[in-house]
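These are my notebook entries on one protein model. I set down what I looked up and what I found, in the order in which I looked.

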Amino acid sequence: MIDLAPHNPHPLTIATPVIAAAGSLGDVVSVARWLGLAQPEADHGLGAIICPTVTVAGRRGQPQVVATPAGVLYHHGGASLGVKQVRERLAPRWLSYHVPVLVSIAGADAAAVAVELTDVPGIAGFELALPALTASEAAQRVTAVRRATLLPLLVRLPGELPDPVAVAQASIAAGADAIALIGGLPACMPHADGSLVYGRLGGPAIFPIALRLVAAVAAAVAAPVIGMGGVATPEHARALLNAGARAVALASALMADLRRAKTIAAGL
C-alpha cells in the first residue's frame, strides 16, 4: 500500500501506484461496471480515481479533444460537475467502489466546493488544480482550501510554471499533502476550417518535460509526488517512480484505452 497523505489523520492509501487523472474516467459511474470498481478483487490496476472538475453550480459545456502528433490537445469547454450532482447522485455510488475517488476542484469557488463536500461519504479527498501562479499566490489558494477541509489534499501543478519547485514547496507549507505534476502544457491546434482550438497538450510528446520537472520537485520536497504528463507505458511509469514519484497518473492513455492502467500496473 502507498500512503499519499502520511501526515493527514484521514488516510489516503492506494493499492497500486497508478491513478486515473482528473476527468480521464468521466464521472466514474459510467465506467464502473466495465472496470469492476465495486468488486474487491477486480484487476483494473487503479489505485485511485480523480473525478472531473466540480464547481458549486456545475456548468454545461462541450469539451474538445484534438489529436496531435504524439499527443492530444484537450479543452474542457467550460464543463464541470455540480456540487448537488456529486452529493446526491455520484458520491453514493463512489462509496461502493473498492478504490478511493477524489474530487478535482479549481478556480475561485474551489474552497466553497470543499466546504460543501468535505463530509460527504464516498469522497476520499480533493485535488486542487492550480494555474500558473507565483509561490505566494499558490500558497493563498492552498491555504483557503485547507481551511475548508481536513481531507487529503493533492495540488496539481501545470507544466509552464517558471519555478515549480518553489510553488510545490509553498503549497506543501500551506497544507498540501501531495504534489501532482505536470497538468499539461498550453497549446493550440487548428480546426479543419482553420480556426484555432486552445487547450492543454498531453500525451507522450510532453513526457520528457514531465520527467524533468517531477525529478526536480521530488528531490526538493518530502511530501509524496505524483508524476503525470504523457505516461503511456510501464517504462514511462517506472522512469517517474525512479525519479522520486510515489505514484503516477494517467490521462490521455486512459481516455484511449481503459485497460491501460492494468497494463502499466502489471509492468511495474
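Entry 1: I began with Val28, which lies in the loop between strand 3 (18-20) and helix 1 (29-35). Helices (H or I, at least four residues) and strands (E, at least two) are DSSP runs, numbered from the N terminus. The model is predicted, and I kept its rules in view: local features need pLDDT of at least 70, side-chain atom pairs count only at pLDDT 80 or more, and totals for chains, interfaces and linings use all residues. Residues are numbered from 1 along each chain as its sequence is written, and side-chain values use heavy atoms, with hydrogens and water left out.

Val28 has a positive phi of about 80° although it is not a glycine. I noted that most residues other than glycine have a negative phi, and most peptide bonds are trans. Is Val28 buried or exposed? I found Val28 buried, at a relative accessible area of 0%. Here buried means under 20% relative accessible area, exposed over 50%, and partly exposed in between (1.4 Å probe, protein chains only).

I then turned to Ala70, in the loop between strand 5 and strand 6. Its phi is near 65°, a positive value in a residue other than glycine. Ala70 counts as partly exposed, at 48% relative accessibility.

I also looked up a cis peptide bond, which joins Leu181 and Ile182 with omega of about 10°. Ile182 sits in the loop between strand 11 (178-181) and strand 12 (185-190).

**Entry 2: a hairpin.** I returned to the strands on either side of Ala70. Strand 5 and strand 6 form a hairpin with two residues between them. The two strands run antiparallel and are joined by five bridges; strands pair if DSSP finds at least two bridges between them.

Entry 3: How much space lies in the largest pocket? I recorded about 1,200 Å³. On a 1 Å grid over the protein atoms alone, a pocket is an open set of points where a 1.4 Å probe fits, with protein on both sides within 12 Å along at least five of seven lines; lining residues have an atom within 4 Å of a point. Grid points are joined across faces, edges and corners, and a volume is the space filled by probe spheres set on the points.

The largest pocket is lined by 49 residues, and Ala22, Thr53, Tyr74, His76 and Arg156 lie nearest its centre. Strand 13 gives the largest share of this lining, five residues. By class, I recorded 26 nonpolar, 18 polar and five charged residues in the lining. Ala, Val, Leu, Ile, Met, Phe, Trp, Tyr, Cys and Pro count as nonpolar, Asp, Glu, Lys and Arg as charged, and the others, Gly among them, as polar.

The second largest pocket has a volume of about 210 Å³.

**Entry 4: nonpolar core.** Which residues touch the most other members of the largest nonpolar core? Among its 72 residues, I found these to be Trp94, Leu117 and Ile123. Such a core is a set of buried Ala, Val, Leu, Ile, Met, Phe, Trp, Tyr and Cys residues joined through side-chain atoms within 4.5 Å. Helix 6 (residues 207-220) gives the most to this core, six residues.
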